[in-house]
Amino acid sequence: MSAGQRMPSPPAAVAGPLLLLFVVPFWSHAVSADGGASAWTTALQKHVAFFDADNDGIVSFFETEQGLRAIGLGAAEATVKATLINGVIGPKTRPENATTSKFSIYIENIHKGIHGSDSGSYDAQGRFVPAKFNEIFTKHGKVEPNAVNERELEAMRTANRMDGDDIGRAASKAEWDLLYSLAKDKDGFLQKDAARTVFDDSLFVLLAKNGSSRN
């Protein structure tokens, strides 16, 4: 992360069905540095694998709830958020022959939970797409090169909105708002290099280690 950027603690309140993709690292302090992520191939699978505390390939409602509490949510709020996250993503990723709860998220199928109205930085299989990621900054970074401020992030989300996609819009806003709060610099800009650390997991590993040292 470049000079001048700060690394604040995660906000106490966050929302959106795919918030899971950004909060997973904070629960991973309970496992090894790479956790179960080494078993997965796509960037999206590796994100979610951080949240899989027992490394069984399934993120249960309990794991989501406990992970949310680990980042500072109260018991009641964590239950509500876990219900939203697993309730939306779980059925989409569930194999036909699954015997676990419908609230369980299967990492192997996490690409099926990808929503619309976003930047396209993940493709349909959950692979990172550098060209789409770069477009965020080339198209919307008007004030500073290779950086976007809060207003420019909102413009990016507006440009990516799909008609009738209320869930996708809400998820996109929740994800980018959380990323902005975590990685913006002292002048209120989300630098390209800082945003990239979310997709290569280095930001997550750092935050997980910080969480471990505080406990």
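This is a predicted model: local features need pLDDT of at least 70, side-chain atom pairs count only at pLDDT 80 or more; totals for chains, interfaces and linings use all residues.

Trainee: How many helices and strands does the protein chain have?
Mentor: The protein chain has nine helices and four strands. Along the sequence they follow the pattern α-α-β-α-α-β-α-β-α-α-β-α-α.

Trainee: And what share of the residues is buried?
Mentor: Of the 215 residues in the protein chain, 49% are buried. The accessible surface comes to about 10,100 Å², and carbon and sulfur atoms account for 53% of that surface.

Trainee: What about contacts between residues 24 or more positions apart?
Mentor: Such pairs make up 59% of the contacts in the protein chain with a separation of 6 or more.

Trainee: Turning to the largest nonpolar core, which residues touch the most other members?
Mentor: They are Phe-133, Leu-153, Trp-176, Leu-179 and Leu-190, in a core of 29 residues. Two or more residues each come from helix 2 (43-49), helix 4 (75-93), helix 5 (130-140), helix 6 (150-160), helix 7 (166-183) and helix 8 (192-199).

Trainee: Which residues does Leu-179 touch?
Mentor: Leaving aside residues up to four places away in sequence, Leu-179 touches Lys-184, Leu-190, Ala-195 and Val-198.

Trainee: Next, helix 5. Which of its residues are buried?
Mentor: Phe-133, Ile-136, Phe-137 and His-140 are buried in helix 5. Viewed down the helix axis, the buried residues of helix 5 fall within an arc of 110°, so they line one face.

Trainee: Why would residues spaced like that point the same way?
Mentor: An α-helix has 3.6 residues a turn, so residues three or four places apart point the same way.

Trainee: Which exposed residues are on the face turned away from the buried side?
Mentor: That face of helix 5 carries Ala-131 and Thr-138, both exposed.

Trainee: Changing topic, how many salt bridges are there in the whole structure?
Mentor: A search of the whole structure finds eight salt bridges. One of them pairs Arg-127 with Asp-123, with the closest N and O atoms 2.7 Å apart. Arg-127 is partly exposed, at a relative accessible area of 45%.

Trainee: And Arg-157, is it buried or exposed?
Mentor: Arg-157 is buried, with a relative accessible area of 7%. Arg-157 forms a salt bridge with Glu-154, where the closest N and O atoms are 2.5 Å apart. The two residues are three apart in helix 6, which means that about one helical turn separates them. Glu-154 is partly exposed, with a relative accessible area of 28%.

Trainee: What is the distance in the salt bridge between Arg-157 and Asp-177?
Mentor: The closest N and O atoms of Arg-157 and Asp-177 are 3.4 Å apart. Arg-157 lies in helix 6 and Asp-177 in helix 7, so this pair ties together parts that are 20 residues apart in sequence. Asp-177 counts as partly exposed, at 30% relative accessibility.

Key
Residues are numbered from 1 along each chain as its sequence is written. Side-chain values use heavy atoms; hydrogens and water are left out. A nonpolar core is a set of buried Ala, Val, Leu, Ile, Met, Phe, Trp, Tyr and Cys residues joined through side-chain atoms within 4.5 Å. Buried means under 20% relative accessible area, exposed over 50%, partly exposed in between (1.4 Å probe, protein chains only). Contact means heavy atoms within 4.5 Å. Accessible areas come from the Shrake-Rupley method with a 1.4 Å probe; for residues, only the protein chains shown count as cover. The arc is that of the directions from the helix axis to the C-beta atoms. A salt bridge is a side-chain nitrogen of Lys or Arg within 4 Å of a carboxyl oxygen of Asp or Glu.
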